[in-house]
Amino acid sequence: MEEKDVLFGLGDPNDAYAQYFDGQSYLKRLTATGGPMANVTFEPGCRNHWHIHHKSGQILLCTMGRGYYQEWGKPAQELKPGDIIHISPEVKHWHGAAKDSWFTHISVEIPAEGSSNEWLEAVSDEEYNQLK
């Protein structure tokens with residue numbers, strides 16, 4: 001995969017949030033005000049940990065590759081370019097790349113006063129490796 005293949009560019013290694021990811025991700029901020037947006041790219045096999053957006057939600061606009069999104073207690077769903085995921089506040093979830101594919105989505109934060117993210121446990125290898 002080359003940077004030119006990513007619609008908005010690969011961005012920089014996502015070092016600020018690396019502790020909440022298994023594998024390498026890249027972040028390119030697209031906006032900082034209003035509804036902050038970022039281009040997030042995951043190397044094959046990379047996924048973030050379970051997490052919750054308190055008081056606000058998130059929208060994922062899938063732009064490249066193949067990935068997954070899963071809410072706690074529900075089966076994971078496969079993601080591909082053109083898919084849109086709306087994550088309601090207080091929903092425990094994770095998202096990331098398939099084992100064999102790069103994956104990119106635009107993350108849109110829904111602004112809300114007093115909002116925060118709570119990062120939780122990693123998605124287990126056993127759980128993740130069951131995905132096709």
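Reply: Two strands pair if DSSP finds at least two bridges between them. Strands are DSSP runs of E with at least two residues, numbered from the N terminus. The model is predicted, so local features need pLDDT of at least 70 and side-chain atom pairs count only at pLDDT 80 or more, whereas totals for chains, interfaces and linings use all residues. Residues are numbered from 1 along each chain as its sequence is written, and side-chain values use heavy atoms, with hydrogens and water left out.

Me: Which residue in strand 11 is the bridge partner of Y69?

Reply: Strand 8 pairs with strand 11 in the antiparallel sense, over five bridges. Within strand 11, Y69 has as its bridge partner H95.

Me: Is H95 buried or exposed?

Reply: The classes are set by relative accessible area with a 1.4 Å probe and protein chains only: buried is under 20%, exposed is over 50%, and partly exposed lies in between. The relative accessible area of H95, a residue of strand 11, is 3%. H95 is therefore buried.

Me: With which side chain does H95 make a polar contact of 3.1 Å?

Reply: Contact means heavy atoms within 4.5 Å, and beyond four places in sequence H95 is in contact with residues including F42, R47, Y68, Y69 and H105. A polar contact is a pair of N or O atoms within 3.5 Å; within protein, one must be able to donate a hydrogen and the other to accept it, and residues adjacent in sequence count only if both atoms are side-chain atoms. At 3.1 Å, the side chain of H95 is joined in this way to that of H105.

Me: How many of the residues of strand 8 are buried?

Reply: In a regular strand the side chains alternate between the two faces of the sheet. Here G67, Y69 and E71 point one way from strand 8, and Y68 and Q70 the other way, all of them buried. Strand 8 (residues 67–71) is largely enclosed by the rest of the structure because its buried residues number five of the five.

Me: Which residue takes a positive phi near 80 degrees in the hairpin of strand 8 and strand 9?

Reply: Strand 8 and strand 9 (residues 77–79) are antiparallel and share three bridges, with Y68 opposite E78. Five residues lie between the strands of this hairpin, and the residue with a positive phi near 80 degrees is G73.

Me: Which strands stand at the edges of the open six-stranded sheet?

Reply: Six strands form this antiparallel open sheet, in the order 1-3-4-12-7-10. Each edge strand has a single partner strand, so one side of it is left without a neighbour in the sheet; these are strand 1 (12–13) and strand 10.

Me: How many bridges join strand 7 to strand 12?

Reply: Strand 7 (residues 58–65) is joined to strand 10 (residues 84–87) by four antiparallel bridges, I59 being partnered with H86. Towards strand 12, G65 has F103 as its bridge partner. The antiparallel bridges between strand 7 and strand 12 number seven.

Me: What is the relative accessibility of N39?

Reply: N39 lies in strand 4, and a polar atom of its side chain is 2.9 Å from the backbone oxygen of G9. Beyond four places in sequence, its contacts include V6, F8, Y26 and H105. N39 counts as buried because its relative accessibility is 0%.

Me: What is the relative accessible area of K55, a residue with a positive phi?

Reply: Most residues other than glycine have a negative phi. K55 is exposed, its relative accessible area being 55%.

Me: How much space lies in the largest pocket?

Reply: On a 1 Å grid over the protein atoms alone, a pocket is an open set of points where a 1.4 Å probe fits, with protein on both sides within 12 Å along at least five of seven lines; lining residues have an atom within 4 Å of a point. The largest pocket is lined by 25 residues, with H53, Q58, S107, E109 and N117 nearest its centre. Its volume, the space filled by probe spheres set on the grid points, which are joined across faces, edges and corners, is about 430 Å³.
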